[in-house]
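Morning, everyone. Please bring the model up on your screens, and we'll walk through a few helix contacts and some aromatic rings.

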Amino acid sequence: SIISLLVILLTLILALWWYRERMFHFDAAFYLFELVQKNKFNFFHDRYISFFTQSLPLALHYFGFSLKTVARAYSAALPLAQLLILLFLFRWIKDGKYLMLFLLVILTSVRYRFFSPISETHFVLIFSFLYFLFAQRTTIRYRWENSATFLVIFLASISHPVALVPVLALWGVTVLTRDRAQWTMRIFELAAIAIFFGWRFWLVAGNEYESGKLGVVKRLGSILGDLPDLLVSQMVLEYLTHWHLVQWIVFLVMTAWLFFRGKVIEAFSGLAFSAMILGLVLV
């Protein structure tokens, strides 16, 4: 628990220190410019989850604070959100291994994206993890975790359309590994996934940016046939053997640990899910 808290506090300090490198280039600069110019929330491509990271800088801008202060607040918003979730997990579970797992979810996804602090994809990972954590604790009898499960599915859906992939994959793992007595909750969760993400993809259909990306996914079969000759295959191979090598070592160690513990379903699910994500990345 102490290690997780100290590392996230460190990322918060670094976010405040390197606010210019994080907020004055690429998408972050555009988001900050829009917030300052329009003095209101900007939910690009219907990704309403930005409310949580835009609230603090927008409030400071509204009350006349300097651009430097607003930019620092925007830079710090994501690690602040992570810190609040960590404290909530500590208060709720009081088990250090879950906090370390939450820390692992954050750190294995950051790397150079520390300097790309737009929050949607970060929140996809966080809320997918929270869904899985809540789903492990749900029962047929009403408990507050049951309602929280539906809430985090909704929050994942308004983060980014790609959240459907990890949430649905983790739902499948939960179905395969939990007691059959819990299947009633799994059906309700699947209904929530269908409703929330159905609404999300209905919004996507009217968004030129998002629908254009979906159009590429529809050509999955033809693209995969050409992959050996495409530059993207060489690029992904370089990522897996160099840039993302540490993440893959962590993943393989965890998968081997599952096999040795006799958790074959979880291990194979992780491999299948990773293959699915890799296919999407290539496309």
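Val165, Pro166, Ala169, Val173, Leu176 and Thr177 in H9 meet Ile265, Glu266, Ser269, Phe273, Met276, Ile277 and Leu280 in H15. Contact here means heavy atoms within 4.5 Å. Helices are DSSP runs of H or I, at least four residues, numbered from the N terminus. By class, this contact of H9 with H15 has ten nonpolar, two polar and one charged residues. Ala, Val, Leu, Ile, Met, Phe, Trp, Tyr, Cys and Pro count as nonpolar, Asp, Glu, Lys and Arg as charged, and the others, Gly among them, as polar.

A word on the source. This is a predicted model, where local features need pLDDT of at least 70, side-chain atom pairs count only at pLDDT 80 or more, and totals for chains, interfaces and linings use all residues. Residues are numbered from 1 along each chain as its sequence is written, and side-chain values use heavy atoms, leaving out hydrogens and water.

Now the geometry. The axes of H9 and H15, residues 264-282, come within 10 Å and cross at roughly 165°. Axes are lines fitted to C-alpha atoms, for helices over the stretch in contact, with angles from 0 to 180 degrees between N-to-C directions. That makes H9 roughly antiparallel to H15. The cut-offs: under 35 degrees is roughly parallel, over 145 roughly antiparallel, 65 to 115 roughly perpendicular, and the rest oblique.

H9 has another partner here. How do the axes of H7 and H9 cross? H7 is residues 120-135, H9 is residues 164-177, and their axes come within 9 Å and cross at roughly 20°. H7 and H9 are therefore roughly parallel to each other. From H7, the contact uses Val124, Ser128, Tyr131, Phe132 and Ala135; from H9, Pro166, Val167, Leu170, Trp171, Val173 and Thr174. This contact has nine nonpolar, two polar and no charged residues.

On to the rings. The count comes to 21 aromatic pairs. Rings of Phe, Tyr and Trp (its six-membered ring) pair if their centres lie within 6.5 Å; planes under 30 degrees apart are stacked, over 60 edge-to-face, the rest tilted. Phe30 and Tyr31 have ring centres 6.4 Å apart and planes at 75°, so the pair is edge-to-face. Is Tyr31 buried or exposed? Tyr31 is buried, at 8% relative accessibility. Phe30 is partly exposed, at 41%. Buried means under 20% relative accessible area, exposed over 50%, partly exposed in between (1.4 Å probe, protein chains only).

Last item: Phe41, Phe43, Tyr48, Phe51, Phe52 and Trp199 form one aromatic cluster.

Technical notes:
Helices (H or I, at least four residues) and strands (E, at least two) are DSSP runs, numbered from the N terminus.
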